[in-house]
Amino acid sequence: MENTEVKQNLISKDHGLWIFRKMVQIRKFEDSVHDIFAKGKIPGFVHLYAGEEAVAVGVCAHLTKQDFITSTHRGHGHCIAKECDLKGMMAEIYGKTTGLCKGKGGSMHIADFEKGMLGANGIVGGGIPLACGSALTAKVKGTDQVTVCFFGDGGNNQGTFHEGLNLAAIWKLPVVFVAENNGYAEATPFHYASSCTNIADRAQSYNIPGVHVDGKDVVAVYQAAKEAVDRAKRGEGPTLIECKTYRNYGHFEGDAQTYKTEEETKDHLAEKDAIQSFKQYLTEEGITTKEYLEKIEQEVDQEVQEAIQFAEESPFPTEDDLLTDVYVSYPTDGGVA
Amino acid sequence: MPVMSYIDAVTQALREEMQRDEKVFVLGEDVGVRGGVFRATNGLIEEFGEQRVLDTPLTESAIAGVAVGASCYGMRPVAEIQFADFIMPAVNQIVSEAAKMRYRSNNAWHCPMVVRAPYGGGVHGALYHSQSVEAMFTCVPGLKVVTPSTPYDVKGLLKSAIRDEDPVLFFEHKRCYRLIKGEVPNEDYTVPIGKAEVKREGTDVTVISYGLTLHFALKAAEQLEKEGISVHVLDLRTLLPLDKEAILEAASKTGKVLIVHEDNLTGGVGGEVSAIIAQEAFFELDAPIRRLAGPDVPAMPYSPPLEKEFMLNPEKVANAIRELAEF
């Protein structure tokens, strides 16, 4: 079903400003990574979240530090929305020892357990069963922690999707499945690879609620997520939310994006920008002023610059770090017999 | 003879086999319209159409399973797993179905299928785009595991794999794709599965390797020749079944054996090779068998200094050869 309820007065001033700041952080962070990558300073693959900000932020607005999320290979936005430190993230993307995973993970594998961020994931659909595990733990322990599981339209065709959603449904796990449908699994169009019209329609077969929303409209995402998080906290089980969105950049940095049409790119980049729409919403609703939002944008510019500087000035790990953190302690000489 | 890259040899073998036998088809993620993320299937959909070049959803289990089912019914599927790291969801189909089909059906059914997958590090791919997974399959009777190192062998072995009556895992080292170039005849030829090849003759130390590290061994051998150490290099080419005869012959040639692979040390193919030598050529040896392999860590770390430390290189191989030569 389409979520069409009115949006008025849905978002408090505090929440609205937090959402705006987080969306701007993601956009500026990702645009910067794009530029830095082009200069050859990033030593590995990156998949950028720019364009999809409304999804991660609209959902995570309802979470606390105690709640969990699982993420995807396109995980920077989820990390930022879950309050991961920009400096630690940027340093990780640079492969520095001050990174959130000490440089071992990189862009595709950022995790910050203290923030309830169970990890970006280079395996498509890999996070779905993990989310069921953290949700099961909360249920067993009797806490009101919720797990949000982000995955893409590519992930929705993996076997883990079926296994995870079915399990979460029969055990009524406190998990919210958020399908980020950006129209392409790598280069393959969604409608070629998926038999359904909407990913949300698949919820029906698990007897759980399924809604699809405009993933460019943060208010719509926020509203759908609130309902799903509340339902999970009440012990009523999982919800599947599909957010229809678009990635501003390619599947990965360096992708020629020949599969995208000029028209759709223009439509999404110029006319359906989630941040601009929300800016307009905040000012038109009288929640804040344009000047205040511009001040936030300037502050974020500064934060991102500081993150870049921190990453650039941080040291690389040393070769000894290769053999650490395999087990509780590492017993062998590392490969030479 | 034309010189071509390792990856172009893959494409040429696929094209020629598809021209030769209409039962041959390819399937995988973005193999059609996009021509593969590494461009290995570039141009095939234009030539053979979407019935024979199938783009699949991101569903590795189904990709392998479809190949199993189609091959049982007489087709010759060549499934591409985009990165070898992504093969894990397909392991059930490959190990539980493909490998056992002939055995469990009393020879009534079999799976003449190929699974191609780029493996290995050195491309800044980090944890899930760099792994060597071959040893996970070399312990599975019923499968064949092929790991070519040169464009010539790529073309000849891929053709043999496609024509083979049993399931073949064909692992292509992704660092070799554009780095390694070599002569490849335009005409049709095959290289037999299960046969190793001496890539360099020598008398002091034998190096047994495959894939990218085979090239490191050849480079090291060149360098060491100037130092007066003569290195004999055997390219395994096929890891299952191993060419025992060639291994024993190469070991006996010098009496000093170094086995080199990027896959991690513990449980790697080197263990099996050294067991064969220890059991059947023990009295030919003049030194303990030595293995040089990737470190026993769960996956390739992201940071450049860590990846560099993880990866072998000609210097590391040369050092190990020198030590063995001095023994």
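How far apart do the end C-alpha atoms of residues 21-318 of chain A lie, and how much of the span is helix and strand? They lie 36 Å apart, and the span is 44% helix and 10% strand; helices (H or I, at least four residues) and strands (E, at least two) are DSSP runs, numbered from the N terminus. The UniProt record, an unreviewed entry, puts "domain: Dehydrogenase E1 component" at residues 21-318 of chain A, though such annotations may be inferred rather than shown by experiment.

This is a predicted model, where local features need pLDDT of at least 70, side-chain atom pairs count only at pLDDT 80 or more, and totals for chains, interfaces and linings use all residues. Residues are numbered from 1 along each chain as its sequence is written, chains are lettered from A and ligands numbered from 1 in the order in which they are written, and side-chain values use heavy atoms, leaving out hydrogens and water.

View 1. Seven of the seven residues of strand 3 (residues 175-181) are buried, so the strand is largely enclosed by the rest of the structure. Buried means under 20% relative accessible area, exposed over 50%, partly exposed in between (1.4 Å probe, protein chains only). A:Val175, A:Phe177, A:Ala179 and A:Asn181 point one way, while A:Val176, A:Val178 and A:Glu180 point the other. Six bridges join strand 3 to strand 2 (residues 147-152), running parallel, with A:Phe150 partnered by A:Val178. Another six link strand 3 to strand 7 (residues 239-244), also parallel; here A:Phe177 partners A:Leu240. Strands count as paired if DSSP finds at least two bridges between them.

**View 2. The largest nonpolar core.** This core has 72 residues, and A:Ile19 is one of those with the most contacts inside it. A nonpolar core is a set of buried Ala, Val, Leu, Ile, Met, Phe, Trp, Tyr and Cys residues joined through side-chain atoms within 4.5 Å. Helix 8 (residues 218-233) of chain A gives the most to this core, with ten residues.

**View 3. Two aromatic pairs in chain B.** Rings of Phe, Tyr and Trp (its six-membered ring) pair if their centres lie within 6.5 Å; planes under 30 degrees apart count as stacked, over 60 as edge-to-face and the rest as tilted. The whole structure has 13 such pairs over all chains. B:Tyr152 and B:Tyr189 are stacked, because their centres are 4.5 Å apart and their planes at 20 degrees. B:Phe282 and B:Phe283 sit edge-to-face, 5.3 Å centre to centre with 85 degrees between the planes.
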